[in-house]
Amino acid sequence: MKLKTFNPRNTIVGGKNILPSISFCAKNGMIKLSAGFVKERGFEAGMTVSLAQDEEKPENWYLRKDDQGFELRMSGSGSKRVKNPSLCFSSKDIASKVIRSSTLPNSLANTVTMNLDTDPITIEGVEYFEIATKTAK
């Protein structure tokens, strides 16, 4: 027997997916960190982040806090901000590059959501959160 456990970390709760994830929209450049990631890692509006791509394995992308990065702002409006406190920033260039490097066929790739690891890895003394591009949907 092989059991699969369902809990708030891997299940849609109340119509909202609270898994730590990141979404990319090629059309408007919106890059959004899910409420699950924001809450678990303590990210707040006003913090700055950047994305990094592994030049040797270009399908691998990472998120990091970065004083020189993009400023995060609240996503949504009104009650959405209270119920689903996700954060976002905009960059059409980055959104398009990440989507193109994902495993999805190009015809499906306008808006893509990918899992975002909440356990950082350290590379050259800097903490990065891995973007699981293979989970693109």
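A residue counts as buried when its relative accessible area is under 20%, as exposed when that area is over 50%, and as partly exposed in between. The exercises below apply this definition to a predicted model.

**Exercise 1. Determine which residues of helix 3 are buried, and which strands they pack against.**

Solution. Begin with the extent of the element: helix 3 covers residues 92-101. Within helix 3, the buried residues are I94, A95, S96, V98, I99 and S101. Next, consider their surroundings. The buried residues of helix 3 pack against six strands, namely strand 3 (21-25), strand 4 (30-33), strand 5 (48-53), strand 6, strand 7 and strand 10 (111-116). For context, the chain as a whole has three helices and twelve strands, and 36% of its 137 residues count as buried.

**Exercise 2. Describe the largest nonpolar core and the contacts of L51.**

Solution. In soluble globular proteins, nonpolar side chains tend to be buried together. The largest nonpolar core in this model has 24 residues, and the members that touch the most others are F24, L33, F43, L51 and L63. Helix 3 is the element that gives the most to this core, contributing four residues. Now take L51 and set aside its neighbours within four places in sequence: L51 then contacts F24, W61, Y62, L63, F89, I94, V98 and I131.

**Exercise 3. Classify the ring pair Y62 and Y128, and state which strands the pair ties together.**

Solution. The whole structure contains five aromatic pairs. For Y62 and Y128, the ring centres are 6.2 Å apart and the planes stand at 75°; the pair is therefore edge-to-face, because planes over 60 degrees apart fall in that class. Then locate the partners: Y62 belongs to strand 6 (residues 61-65) and Y128 to strand 12 (residues 126-132), so the pair ties together parts 66 residues apart in sequence. Finally, check burial. Y62 has a relative accessibility of 12% and is buried; Y128, with a relative accessible area of 12%, is buried as well.

**Exercise 4. Classify the ring pair F70 and F89, and decide whether each partner is buried or partly exposed.**

Solution. The centres of the two rings lie 4.8 Å apart and their planes meet at 20°, so F70 and F89 are stacked; the cut-off for this class is planes under 30 degrees apart. F70 is in strand 7 (residues 70-71) and F89 in strand 9 (residues 87-90), and the pair links these distant parts of the chain, 19 residues apart. As to accessibility, F70 is partly exposed at 30%, whereas F89 is buried at 1%.

**Exercise 5. Identify the ring cluster that contains F43, and the charge that sits over the ring of F43.**

Solution. F37, F43 and F129 are linked into a cluster by ring pairs. The charged end of K65 sits over the ring of F43, at 5.0 Å from the ring centre.

**Exercise 6. Find the salt bridge of the structure and place it in its helix.**

Solution. Side chains of opposite charge can pair when their charged atoms come close. The structure holds one salt bridge. This salt bridge joins D93 to K97, whose closest N and O atoms are 3.3 Å apart. The two residues are four positions apart in helix 3, so about one helical turn separates D93 from K97. Both partners are partly exposed: D93 has a relative accessibility of 46%, and K97 one of 35%.

Conventions:
Residues are numbered from 1 along each chain as its sequence is written. This is a predicted model: local features need pLDDT of at least 70, side-chain atom pairs count only at pLDDT 80 or more; totals for chains, interfaces and linings use all residues. Side-chain values use heavy atoms; hydrogens and water are left out. Buried means under 20% relative accessible area, exposed over 50%, partly exposed in between (1.4 Å probe, protein chains only). A nonpolar core is a set of buried Ala, Val, Leu, Ile, Met, Phe, Trp, Tyr and Cys residues joined through side-chain atoms within 4.5 Å. Contact means heavy atoms within 4.5 Å. Rings of Phe, Tyr and Trp (its six-membered ring) pair if their centres lie within 6.5 Å; planes under 30 degrees apart count as stacked, over 60 as edge-to-face and the rest as tilted. A charge sits over a ring if NZ of Lys or CZ of Arg is within 6 Å of the ring centre and within 35 degrees of the ring normal. A salt bridge is a side-chain nitrogen of Lys or Arg within 4 Å of a carboxyl oxygen of Asp or Glu.
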